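Try each task before you read its solution.

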Amino acid sequence: STSTAVYAFTPNLIVSSYAQYDADSVGVNSRVRWTIHPGTDLYVVWHRNWRDPIEDDDFRSDALPLQADQLVVKLRWTLTR
């Protein structure tokens, strides 16, 4: 099962989020894209993934066990002549 949401604050600032659930994990991926000027974009991406506690024999808590947590920042620019 998946769900996607996208919101554009302006044409140059867009936030998107993608959530996915399958049999053994839940994941969320959120991204902010800021177009500073045409050909130059700044991306901030946060990815978080939890595994299903039923699949984890050592699990003894009410919270979902965290499997991955990443924050990535990327700057892309185009050189022109």
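**Exercise 1. Two aromatic residues**

Task: Are Tyr 7 and Phe 9 buried or exposed? What kind of aromatic pair do Tyr 7 and Phe 9 form?

Solution. 
- Step 1. Keep in mind that this is a predicted model.
- Step 2. Check the accessibility. Tyr 7 is exposed, and Phe 9 is exposed too. The cut-off for this class is a relative accessible area over 50%.
- Step 3. Count the aromatic pairs. The search gives one.
- Step 4. Describe the pair. Two aromatic rings are described by the distance of their centres and the angle of their planes. For Tyr 7 and Phe 9, the centres are 4.8 Å apart and the planes are at 80°.
- Step 5. Classify the pair. An angle over 60 degrees counts as edge-to-face, so Tyr 7 and Phe 9 are an edge-to-face pair.

**Exercise 2. The overall fold**

Task: How many helices and strands does the protein have? What share of its residues is buried?

Solution. 
- Step 1. Count the elements. The protein has five strands and zero helices.
- Step 2. The order is β-β-β-β-β.
- Step 3. Look at burial. The protein has 81 residues, and 17% of them count as buried.
- Step 4. The accessible surface is about 6,400 Å². Carbon and sulfur atoms hold 55% of that surface.
- Step 5. Look at contacts along the chain. Take those between residues at least 6 apart in sequence: 28% of them join residues at least 24 apart.

**Exercise 3. A network of charges**

Task: Which residues are linked with Asp 41 in a network of salt bridges?

Solution. 
- Step 1. Locate Asp 41. This residue is in strand E4.
- Step 2. The relative accessibility of Asp 41 is 1%. The cut-off for buried is under 20%, so Asp 41 counts as buried.
- Step 3. List the contacts of Asp 41, leaving aside neighbours within four places in sequence. They are Arg 33, Trp 34, Thr 35, Lys 74, Leu 75 and Arg 76.
- Step 4. Find one partner. Arg 33 and Asp 41 form a salt bridge, with N and O 3.5 Å apart. Arg 33 is partly exposed, at 28% relative accessible area.
- Step 5. Find another partner. Arg 76 also forms a salt bridge with Asp 41, and the closest N and O atoms are 2.3 Å apart. Arg 76 lies in strand E5 (residues 66–77) and Asp 41 in strand E4 (residues 40–51), so this pair ties together parts that are 35 residues apart in sequence. Arg 76 is partly exposed, with a relative accessible area of 41%.
- Step 6. Arg 33, Asp 41 and Arg 76 make up a salt-bridge network.

**Exercise 4. The remaining charges**

Task: How many salt bridges does the whole structure hold? Which residue forms a salt bridge with Arg 48? Where does the charged end of Lys 74 sit?

Solution. 
- Step 1. Count. The search finds three salt bridges.
- Step 2. Name the partner of Arg 48. It is Asp 69, with the closest N and O atoms 3.0 Å apart.
- Step 3. Arg 48 is partly exposed, at 23% relative accessible area. Asp 69 is partly exposed as well, at 41%.
- Step 4. Turn to Lys 74. Its charged end sits over the ring of Tyr 43, 5.9 Å from the ring centre.

Key: Residues are numbered from 1 along each chain as its sequence is written. This is a predicted model: local features need pLDDT of at least 70, side-chain atom pairs count only at pLDDT 80 or more; totals for chains, interfaces and linings use all residues. Side-chain values use heavy atoms; hydrogens and water are left out. Helices (H or I, at least four residues) and strands (E, at least two) are DSSP runs, numbered from the N terminus. Buried means under 20% relative accessible area, exposed over 50%, partly exposed in between (1.4 Å probe, protein chains only). Contact means heavy atoms within 4.5 Å. Accessible areas come from the Shrake-Rupley method with a 1.4 Å probe; for residues, only the protein chains shown count as cover. A salt bridge is a side-chain nitrogen of Lys or Arg within 4 Å of a carboxyl oxygen of Asp or Glu. Rings of Phe, Tyr and Trp (its six-membered ring) pair if their centres lie within 6.5 Å; planes under 30 degrees apart count as stacked, over 60 as edge-to-face and the rest as tilted. A charge sits over a ring if NZ of Lys or CZ of Arg is within 6 Å of the ring centre and within 35 degrees of the ring normal.
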